[in-house]
Amino acid sequence: MLRKQLKNLCAGLALMALITALTLSAVVQGRPAYAASSVTINGGTTYQTIDGFGVSEAFGQAQAMINAGSTLERQMLDLLFSPTTGAGLTILRNLIPSDSSHTIEPNSPGSPTATPQYVPIGTDWGQLPLTQQVIQNYGVTRIYADAWSAPGFMKTNGSESNGGTLCGAPGATCSSGDWRQAYANYLVQYIKDYQAAGVTITDVGFVNEPNLTTSYSSMVMNPTQTADFAKILGPTLANAGLSTRIVCCDAEGWDLAPSYTSAIVNDATANSYVKIISSHGYTAAPTSPLNSNGKPVWETEWSTFDSFDAAWDDGSDASGLTWAQHIHVGLTSANLSAFFYWWGVASTSVSTDNQGLIQLNGSTITPSKRLWAFANYSRFIRPGAVRIGASSSDSNLLVSAYRNTNGTLAIVVINLSSSSTAATFSLQNTNVANGATVTPYLTNNNNNTAAQATLTVSSGSFSATVPARSLVTYVIPAGTGGGTPAPTPTPSPTPAPSPSPTATPSPTPAPTSTPSPTPTPTPGAACQVHYSIVSQWPGGFQGSITITNTGSSPINGWTLRFSFTAGQQITQLWNGSYTQQGAQVTITNASYNAQIPAGATLGASPGFLATWNGSNPAPTSFTLNGATCSVV
């Protein structure tokens with residue numbers, strides 16, 4: 001999406017001003033670390049809950065990904081959504097198209113009260129099949145659908161582009177009548193079309209950058225008009241039986257967001273319907289909290305517009321280190337619950353600048369270091385995590401910390417110094433056991449969220465050396481006293497090269513939603529199992545199990561059992577829960593992958609990390625719900 005030169009200039013100035021503010025303390029170059037810096041993590045101090053991290057593939061980028069072919073598409077999706085080899089993003093933002101080629105209502109029915117002339121949604125510009133894949137293969141369940149504009153015939157200018165206001169909004173009258181309810185009905189129909197395709201749209205926005213008139217899809221609404229429409233859309237969603245949350249108002253920047261936020265929270269009815277406050281980061285960065293009346297605040301779009309730059313630390317507004325700082329400031333100073341980039345993948349047929357985390361040029365995929373800046377946050381800070389207290393004695397170390405719902409701690413550190421920095425991390429009120437293992441994941445010029453040698457918690461703290469000009473996430477499993485730490489979905493415990501465009505697709509990640517009660521397993525099953533070793537290193541390996549229902553009836557809830565034959569021990573498992581007693585392993589489904597249709601293969605297959613010693617043969621027999629499976 002092309003933006004005006006003025007907007008590009010404002011964005012660049014805002015970005016560089018923030019970088020300058022963050023790095024003033026780092027002007028002393030090359031200083032040795034004479035004494036260890038101290039970092040304090042305090043689990044007794046809590047802040048916002050994290051909803052996730054996301055991107056969009058709007059305006060045809062989803063279609064470009066699909067057109068690249070299934071192999072390249074899977075590689076790109078792995079890079080964006082896999083929590084084991086990619087960024088582990090957990091929210092997908094879709095465009096609700098308003099142009100005549102893609103909208104579900106291209107023609108006016110004649111009046112606001114006439115029967116709408118909806119057309120089939122089709123692939124929704126490639127977004128529907130892409131959304132189905134991120135749900136099925138990566139467990140993503142947060143889908144945010146956002147409209148840039150109402151269809152043109154509903155607006156004062158008669159066009160879906162070049163601004164114009166929704167007819168019937170306060171101060172916006174049209175000879176054709178009041179189209180506010182018709183627009184609300186249109187948004188509900190879009191949500192229902194996705195619902196019919198098996199996709200739940202969890203969040204919906206009815207306007208995007210409402211202050212801005214552009215040559216592409218755009219609709220101008222002032223703060224009063226947004227609050228007014230929220231009071232129409234809210235009841236319309238409820239009457240349709242939809243629990244979709246309203247997000248408002250995706251202002252162009254943090255300097256414009258307060259007026260829209262105030263209009264919502266100061267109107268009791270609008271405030272009751274709008275569940276999330278949102279803004280972009282273009283005209284001003286998210287550096288301070290919005291007065292959201294306790295609602296989660298999302299930064300829902302931000303990027304840069306220079307020629308494509310994949311560097312980690314070149315001093316530009318597009319570098320990975322710059323974006324690591326933006327995420328840090330957004331989470332710690334603006335108390336964001338979600339942080340989005342603009343496009344995840346940007347095809348050069350649409351854009352050749354930095355609007356994407358990944359560039360697709362023909363059959364060549366180029367991940368930028370911005371992607372790995374996101375990965376150090378989004379892969380380890382999962383939905384539902386709570387930000388906890390974190391402070392540093394060293395102004396060059398930007399530190400934040402998060403406690404996940406399974407008790408895992410993620411401590412994220414940015415070192416702005418040109419020298420490595422020794423630091424002691426004191427863990428207070430964190431419920432971390434002495435002896436717990438700390439795994440650092442490093443991103444810098446030479447590493448892409450790569451696992452490093454593990455550390456050990458002793459006397460309530462651990463020591464580490466943070467490499468110069470780097471981003472490191474320290475992951476600590478949950479545990480108390482002498483208890484056993486809880487697993488967390490992280491990659492292999494040994495350093496691994498970063499994914500390349502030709503990398504083997506990663507194992508299906510764990511989902512981000514709160515599990516619902518597991519269905520009652522179907523007794524007996526006709527089944528087929530494929531057991532594979534994805535990768536292996538001295539003392540450890542990563543395995544995958546594919547389950548196929550070869551019977552004529554669907555399986556609703558499953559339990560898989562098998563035995564290792566050489567003393568292997570599972571240490572971590574995703575897409576299910578497990579117990580191991582001696583050699584025998586029992587895996588049960590998660591809430592989201594309980595069903596296996598007749599003749600189908602389970603999409604979210606179990607994957608695991610395990611130890612081995614001497615030899616590592618595959619199990620020879622498997623049972624599913626008590627029935628013996630064939631092994632392939």
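Let's start with a disulfide that joins Cys-527 to Cys-629, with the sulfurs 1.8 Å apart. Keep in mind that this is a predicted model. Cys-527 sits in strand 21 (residues 527–537), while Cys-629 is in the loop between strand 31 (627–628) and strand 32 (630–631), so the pair ties together parts that are 102 residues apart in sequence. Both of these cysteines, Cys-527 and Cys-629, are buried. The torsion about their S-S bond is -95 degrees, and the link is left-handed.

How many disulfides does a search of the whole structure find? It turns up three. Another one joins Cys-167 to Cys-174, with an S to S distance of 2.0 Å. Its torsion is about -80 degrees, so this disulfide is left-handed. Cys-167 is buried, with a relative accessible area of 0%. Then there's the bond between Cys-248 and Cys-249, S to S 1.7 Å. Here the torsion is about 80 degrees, so the disulfide is right-handed. Cys-248 and Cys-249 are both buried. Count the bonded cysteines along the chain and you get the pattern 1-2, 3-4, 5-6.

An α-helix has 3.6 residues a turn, so residues three or four places apart point the same way.

How values were computed
Residues numbered from 1 in each chain as written. Predicted model: local features only at pLDDT ≥ 70, side-chain atom pairs only at ≥ 80, totals over all residues. Heavy atoms only, no water. Disulfide = S-S within 2.5 Å. Buried < 20%, exposed > 50% of the residue type's maximum accessible area, 1.4 Å probe, protein only. Helix = DSSP H or I, 4+ residues; strand = E, 2+ residues; numbered from the N terminus.
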